[in-house]
Amino acid sequence: MRSLARWTVRCARRYRFDHNPLRRRSDRIEAIAVLVTLLALLISVWPAAIAAHLVYQRGVAAERLEPVQRKQVTAVLMEDAASTSTVSSQGAVLGIKAKVRWYTPDGRPHTETLAVPAQAKSGSTLEMWVDTSGRPVAAPRTHAQTVADTVVAGLGVLFAACGVLFTNLALFRWLLDRRRYAEWDQAWAGAHQRWRRPRQP
């Protein structure tokens, strides 16, 4: 915390606007660039908040709608899961699937090969969610998922803005440093010429 305070004070002293005769024109331009970057960063909070709000509203709407459109059913495995497992050359299980049967909301039986828990046996049951036509779907959205998506959306926009702004600032400072180095070289060359000039008797 103390180091952050020292860094803040150092930046404020470096980029403050004063009448210091030692400050070059490039130093004042850099200070303006830093100020513009900070203002743009503050403005970027607004689109980040808008993005988070839109994601939250969409998630809340899905929370209300998905439980109506989806139904939890109990499926029965028609075969052992191990009989359809795919194993890589390193011995890792790539997919565990088995033939599963369940009943659609209108009472029709439906059979399909789906991913199932490891070592599941034929005749065991599996809780799953289906849509109005009986096709497997994900579980209805929870409020925790909505909040997580909202945070990710807001921070994503904010971090993207930070990346663009600070990248542009770093590039601008690099260009200013090149100009400063060129001015230093010219100043040293002029001083060298003056020092080499023979004194008049």
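Modeller: Trp102, leaving aside its neighbours within four places in sequence, is in contact (heavy atoms within 4.5 Å) with Val73, Thr74, Ala75, Arg108, Pro109, His110, Glu112, Leu114, Met128, Val130, Gly134 and Pro136. This is a predicted model, in which local features need pLDDT of at least 70 and side-chain atom pairs count only at pLDDT 80 or more, while totals for chains, interfaces and linings use all residues. Residues are numbered from 1 along each chain as its sequence is written, and side-chain values use heavy atoms, with hydrogens and water left out.

Trp102 also belongs to the largest nonpolar core, where Leu77, Val100, Trp102, Val116 and Met128 touch the most other members among 13 residues; such a core is a set of buried Ala, Val, Leu, Ile, Met, Phe, Trp, Tyr and Cys residues joined through side-chain atoms within 4.5 Å, buried being under 20% relative accessible area with a 1.4 Å probe, protein chains only. At least two residues of this core come from each of strand 1 (71-77), strand 4 (97-103) and strand 6 (125-130), strands being DSSP runs of E with at least two residues, numbered from the N terminus.

Strand 1 pairs (at least two DSSP bridges) in the antiparallel sense with strand 6 over six bridges, and Lys71 stands opposite Val130 there. Strand 1 is likewise antiparallel to strand 4, over two bridges, with Arg101 as the bridge partner of Val76.

Key. Buried < 20%, exposed > 50% of the residue type's maximum accessible area, 1.4 Å probe, protein only. Helix = DSSP H or I, 4+ residues; strand = E, 2+ residues; numbered from the N terminus.
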